[in-house]
Amino acid sequence: MTFKRSAGILLHPSSLTGKFGMGNIGKEAFDFIDFLAKAKQTIWQILPLNFPGYGNSPYNPISAFANNPLLIDLTRLIDQGLISNLDLENSPKFLDSKVEFHKVEKFKIKILKSAFEILKNKNNVRLYRSFKKFCFKNQQWLNDFALFASLREHHQGKSWNTWEKNIRNRKSTAIKIWEEQLSDQIEFQKFLQYIFAKQWRELKLYANEKRVKIVGDIPIYVAYDSADVWANQDLFKLNKDGNPTVVAGVPPDYFSPTGQLWGNPIYNWVKMQHDDFQWWQDRIANLLENVDYVRIDHFIGFVRNWQVAYGKNTAEQGEWLDVPGEKLLSTLKNKFGELPIIAEDLGALTKEVIALRDQFGFPGMLPLQFAFGDNFVPLNEFPQNKIIYSGTHDNDTTLGWFRAVQNHEPKIYQKLQEVLNSNEKNICRDMIEFAYSSPCIWAITSMQDVLALGTKARMNTPGTVGGNWEWRLSKNMLTDKIANRLAKLTNKYNRFPPEN
């Protein structure tokens, strides 16, 4: 697929401003698209939209298909007659500076349940028919997810491998019994997915009309405690009790002497090939309804994965397993045509990973925070087929990184001074302009770096639990002055592509 020279911003919808404690896909999201258009940013990169699980991480969702209902805009339900202004008047007081996930969930789900009760009464016949049409169209994944989510709630959040044996093993009689017992909860879960899909479709259409393309994100692995694993146990390496035999991670390296033990179940790639990777075909098709481009997180996993025996405390002892990535991507290309994929190719790359990426023409990633070490190359030698970033969601903000480098990394700091001759006041602007001026096909900047924010605005610190994914924009941060500055840079470095 052809990638045109462009510029964009990385920001998850949960980080937007707005009422009720969390960014959503309502008015503030439309306003953000207007800001992007004014700033001549034609790319909006987000994190996964999926329903998050443990730790509120969008990279650890309970479904690879279902989306996060906490992103639903409640105010738009008023126009549909599903709730009233009165329902929202007594909302709790939320912090403006960060997401309070538990508090948001408690309030929003209560309101959404009231809206569901109104829909069930068929007061809005047209909307009810639209809901049923959505359920029929998406039944392949929606039925399993809705039952899983309802069972998970019934079992007070306990993992599916602790459930009663018959439903754990998906016996048909048990499924039928539970579908009848939890019918109302199941319909509610489907309703949440319907409302999200309806609102997101309208938002994406508006973005595209404003010449803004949306870049989605797809974690290569799925969580063990997910609808995907429970509903497709034969597609993962599990034992007869449903427990993983091996789990994913990466071996020891410079950054971690014991490696990283992620704990995700490993795909049964042999089994997946039997039906031409149908699960992956469905997953990509589902995502491409929501976004224009897809970033594949941990693209290395399409070549090989590090598998560790289940129960180990570290990732030190494991083995590499080859993955049929070429067959998978060829199947997807035959299905969808040229794939709008970005390869997250960070880490220790092998020649096989590079060959697979280049065979399909996927652009890779180049975060600038990694570019000023011993491997530094002159700007004019930066590869064109890369997406250059000031930093990713896993990095510190540029200002926070600069302060750390200034104090603890003299070699990197010296190189920065040779190249940029910058300081704390100007480092974010200098890094953004440096990225824009590069030959790289896209230049993506985090919203935190556009605003020159420090470490407190960091989105995620890998390997930690708590305090992540919470950062939010404050009111009035997105000014015309900032938009105009970005627009000038976009024009200066020819990053505003002509319309098709």
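# Buried sites, rings and helices in a predicted model

Biologist: In this predicted model, is Phe-145 buried or exposed, and what is its relative accessible area?

Modeller: Buried means a relative accessible area under 20%. Phe-145 falls under that cut-off and is therefore buried, with a relative accessible area of 1%.

Biologist: Which kind of aromatic pair do Trp-141 and Phe-145 form?

Modeller: The structure holds 45 aromatic pairs. In the pair of Trp-141 and Phe-145, the ring centres are 6.4 Å apart and the planes make an angle of 50°. Planes under 30 degrees apart would count as stacked and those over 60 as edge-to-face, so the rest count as tilted. The pair of Trp-141 and Phe-145 is accordingly tilted.

Biologist: About how much of helix 6 separates Trp-141 from Phe-145?

Modeller: Trp-141 counts as buried at 13% relative accessibility, and Phe-145 is buried as well, at 1%. Both residues lie in helix 6 (residues 139-154), and because they are 4 residues apart there, their separation is about one helical turn.

Biologist: Over which ring does the charged end of Arg-304 sit?

Modeller: Charged ends over rings occur at Lys-103 and at Arg-304. The end of Lys-103 is 5.5 Å from the centre of the Phe-94 ring, over which it sits. For Arg-304, the distance to the ring centre is 3.6 Å, and the ring is that of Trp-320.

Biologist: What span does helix 19 reach from its first C-alpha to its last?

Modeller: Helix 19 covers residues 480-492, which gives 13 residues. At 1.5 Å a residue, 18 Å is expected. The span is close to that expectation, at 18 Å.

Biologist: How wide is the arc that the buried residues of helix 19 cover around the axis?

Modeller: The buried residues of helix 19 are Ile-482, Ala-483, Leu-486, Ala-487, Leu-489 and Thr-490. They are on the same side of helix 19 because the arc that they cover around the axis is only 165°.

Biologist: Which residues are exposed on the other side of helix 19, and what covers the buried ones?

Modeller: On the other side of helix 19, the exposed residues are Lys-481, Lys-488 and Lys-492. The cover over the buried residues of helix 19 includes strand 1 (6-10), helix 1 (27-38), helix 17 (427-437) and helix 18 (447-450).

Biologist: What is the relative accessibility of Thr-490?

Modeller: Thr-490 lies in helix 19. Leaving aside neighbours within four places in sequence, Thr-490 is in contact with Ala-7, Ala-39, Lys-40, Gln-41, Tyr-436, Arg-495 and Phe-496. Thr-490 counts as buried, its relative accessibility being 0%.

Biologist: How far is Ser-15 from Val-99 in space, C-alpha to C-alpha?

Modeller: Ser-15 belongs to the loop between strand 1 and helix 1, where it counts as buried at 1% relative accessibility. Not counting residues up to four places away in sequence, Ser-15 touches Met-459, Trp-471, Arg-472 and Leu-473. Ser-15 and Val-99 are 84 residues apart in sequence, while their C-alpha atoms are separated in space by 7.8 Å.

Biologist: Which backbone nitrogen does the side chain of Asn-395 reach?

Modeller: Asn-395 is placed in the loop between strand 11 (386-389) and helix 15 (398-408), and it is buried at 10% relative accessible area. Beyond four places in sequence, Asn-395 touches Pro-367, Gln-369, Phe-370, Arg-458 and Asn-460. At 2.7 Å, its side chain reaches the backbone nitrogen of Thr-392.

Biologist: What is the relative accessibility of Phe-277?

Modeller: Phe-277 also has a positive phi, of about 55°, although it is not a glycine. Its place is in the loop between helix 11 (269-273) and helix 12 (278-288). Phe-277 counts as buried, with a relative accessibility of 3%.

Biologist: Against which elements do the buried residues of helix 12 pack?

Modeller: The buried residues of helix 12 are Trp-279, Trp-280, Gln-281, Arg-283, Ile-284, Asn-286 and Leu-287. They pack against helix 6, strand 3 (213-219), helix 10 (227-231), helix 11, strand 6 (293-297) and helix 13 (325-336).

Definitions and conventions
Residues are numbered from 1 along each chain as its sequence is written. This is a predicted model: local features need pLDDT of at least 70, side-chain atom pairs count only at pLDDT 80 or more; totals for chains, interfaces and linings use all residues. Side-chain values use heavy atoms; hydrogens and water are left out. Helices (H or I, at least four residues) and strands (E, at least two) are DSSP runs, numbered from the N terminus. Buried means under 20% relative accessible area, exposed over 50%, partly exposed in between (1.4 Å probe, protein chains only). A polar contact is a pair of N or O atoms within 3.5 Å; within protein, one must be able to donate a hydrogen and the other to accept it, and residues adjacent in sequence count only if both atoms are side-chain atoms. Contact means heavy atoms within 4.5 Å. Rings of Phe, Tyr and Trp (its six-membered ring) pair if their centres lie within 6.5 Å; planes under 30 degrees apart count as stacked, over 60 as edge-to-face and the rest as tilted. A charge sits over a ring if NZ of Lys or CZ of Arg is within 6 Å of the ring centre and within 35 degrees of the ring normal. The expected span of a helix is 1.5 Å times one less than its number of residues. The arc is that of the directions from the helix axis to the C-beta atoms.
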